[in-house]
Amino acid sequence: MRSTPSDWKEELAYWLKPFLEHLGHKARRRMCPLYVRGLIGPGDRKSVQPMAARLAPGDYDQLHHFIAAGVWDAALLETELLVQGDKLVGGSDAVLVIDDTAMPKKGKHSVGVAPQYASALGKNANCQTLVSLTLARGEVPVMLALRLFLPESWTSDQARLKRADVPLEYRTARTKPEIALAEIDRVIAADVHFGCVLADAGYGLSAPFRQGLTARNLTWAVGIPRHLKVYPAGVRLIWPVAKRGRPRRRHVPDILSIPAEDMLADAKWQTVSWRTGTKGKLKARFAAVRVRTADGPPQRIRDKGQQHLPGDAAWLIGEHRASGEKKYYLANLPAETDLRTLAATIKARWICEQAHQQLKEELGLDHFEGRSWQGFHRHALMAMIAFAFLQYRRLKKVRREKKNQRTAPSTKPARCPSRHRRALRSTAASAMSALPKIDLRNDAA
């Protein structure tokens with residue numbers, strides 16, 4: 001999808017109006033669209049200097065000041081992004097995907113840089129790690145939040161935090177699940193609409209994270225490690241009989257918890273297809289049983305030592321892929337949920353990986369060359385705004401095509417409606433991997 005520079009600039013100016021209203025000064029209202037155009041436009045680097053050289057050679061100082069040191073409240077634009085993202089893809093059939101993405105980076109002075117696990121590389125590396133929240137419906141994602149994770153080597157060094165201008169409220173150690181829950185609270189406060197929260201095992205193994213989602217009355221489906229302990233759904237709490245000494249004062253379960261993979265060892269496995277990809281139907285073997293999570297209060301149980309008591313009821317889901325890889329999940333979806341819906345729900349998480357890739361490869365998320373907390377997060381915010389604008393154009397184009405199809409007379413015979421209801425309905429075309437292309441080579445600043 002290509003547009004002339006003038007058409008594109010007019011459309012961006014219209015779409016950015018709600019954001020620009022929060023910027024106040026006219027110089028900032030001019031720099032914001034310029035920065036977004038630089039991120040979307042051509043060029044190998046999307047840092048301030050090369051973007052200014054391509055679009056506005058005389059405005060480098062103003063553009064740098066806008067992103068690195070300008071006096072404006074990013075929180076207002078972050079909230080506006082939540083509002084606009086909800087308008088684009090929010091709904092009861094949307095999902096909110098929690099994940100993190102790593103950006104390899106040399107040196108040690110840029111905020112958050114430290115040796116840590118980089119998911120993009122599959123190993124430990126010197127990098128920055130961002131906790132991300134992606135709202136998606138069908139195959140259309142909109143990135144709502146990117147918040148930097150600070151490892152212990154940073155939070156234990158107050159002088160280092162001060163040099164990077166990290167705000168006081170972010171200078172204490174926070175785990176990735178804690179950061180995710182805080183960002184989810186922002187999403188809820190902005191009244192963003194979604195049906196289910198999804199996360200991988202890096203978050204799903206955290207009992208406080210799962211309990212935090214439940215406490216917020218959210219539906220969730222998360223990955224877990226194979227060794228996470230669960231109880232059978234029918235576990236009962238009983239009074240233990242004391243062979244000697246005082247009578248026992250606390251209940252104990254009548255059966256011990258076991259690893260998730262053992263719980264599914266004798267389950268019935270079925271081949272399930274959850275959607276159609278570019279190479280045909282995507283399918284794997286799944287099994288699901290009702291369990292109770294072993295994340296209740298800790299309690300000493302006979303000679304077995306201290307174990308966690310049964311927690312809430314949930315679905316335990318196993319996946320055997322064609323490659324031989326095995327994955328396990330927990331979900332608090334209703335007890336009557338069928339296996340195909342469970343599979344489609346947990347597999348909807350893939351869309352965030354596509355969003356991460358496009359933000360890096362096409363919009364320069366990992367190209368920022370500053371060192372400060374403020375500059376880094378403002379650059380990430382501009383990248384998310386640019387991504388949301390391109391999704392706005394994508395959906396607009398799809399709706400226009402659908403409208404044209406409805407107005408054209410059909411030559412196909414009528415068919416009976418399908419007997420199977422899709423678990424996750426798409427609001428867009430079945431294959432929407434490429435972002436809209438906009439040619440800015442001849443665009444004047």
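**Exercise 1. How many helices and strands does the protein have?**

Solution. The protein has 14 helices and 16 strands. Helices (H or I, at least four residues) and strands (E, at least two) are DSSP runs, numbered from the N terminus. The model is predicted: local features need pLDDT of at least 70, side-chain atom pairs count only at pLDDT 80 or more, and totals for chains, interfaces and linings use all residues. Residues are numbered from 1 along each chain as its sequence is written, and side-chain values use heavy atoms, with hydrogens and water left out.

**Exercise 2. State what percentage of the protein is buried, and what percentage of its contacts join residues 24 or more positions apart.**

Solution. Step 1: of the 445 residues, 49% are buried. Buried means under 20% relative accessible area, exposed means over 50%, and partly exposed is in between (1.4 Å probe, protein chains only). Step 2: among contacts with a separation of 6 or more, 68% are between residues 24 or more positions apart. Contact means heavy atoms within 4.5 Å.

**Exercise 3. Describe how helix H8 packs on helix H10.**

Solution. Step 1, geometry: H8 covers residues 176-189 and H10 covers residues 207-215; their axes are 9 Å apart, at an angle of about 15°. Axes are lines fitted to C-alpha atoms, for helices over the stretch in contact, and angles run from 0 to 180 degrees between N-to-C directions.

Step 2, class of angle: H8 and H10 are therefore roughly parallel to each other. Angles under 35 degrees count as roughly parallel, over 145 as roughly antiparallel, 65 to 115 as roughly perpendicular and the rest as oblique.

Step 3, handedness: the crossing of H8 past H10 is right-handed. A crossing is right-handed if the near helix is turned clockwise from the far one by less than a right angle, and left-handed if anticlockwise.

Step 4, residues: H8 contributes Pro177, Ala180, Leu181 and Ile184, while H10 contributes Pro208, Phe209, Gly212 and Leu213. Seven residues of this contact are nonpolar, one is polar and none is charged. Here Ala, Val, Leu, Ile, Met, Phe, Trp, Tyr, Cys and Pro count as nonpolar, Asp, Glu, Lys and Arg as charged, and the others, Gly among them, as polar.

**Exercise 4. Which residues of H10 are buried, and which exposed residues does the face turned away from the buried side carry?**

Solution. Step 1: Phe209, Arg210, Gly212 and Leu213 are the buried residues of H10. Step 2: viewed down the axis of H10, these buried residues fall within an arc of 160°, so they line one face of the helix. The arc is that of the directions from the helix axis to the C-beta atoms. As background, an α-helix has 3.6 residues a turn, so residues three or four places apart point the same way. Step 3: Pro208 and Ala215 are exposed, on the face of H10 turned away from its buried side.

**Exercise 5. Are Glu78 and Val235 buried or exposed, and what does each touch outside four places in sequence?**

Solution. Step 1: Glu78 sits in helix H5 (residues 74-89) and, at 12% relative accessibility, counts as buried. Glu78 touches Arg147, Arg186 and Leu381.

Step 1: Val235 lies in the loop between strand E7 (229-232) and strand E8 (237-238). At 7% relative accessibility, Val235 counts as buried. The contacts of Val235 are Pro253, Asp254, Ile255, Arg292 and Pro310. Arg292 is 57 residues from Val235 along the chain, with 7.9 Å between their C-alpha atoms.
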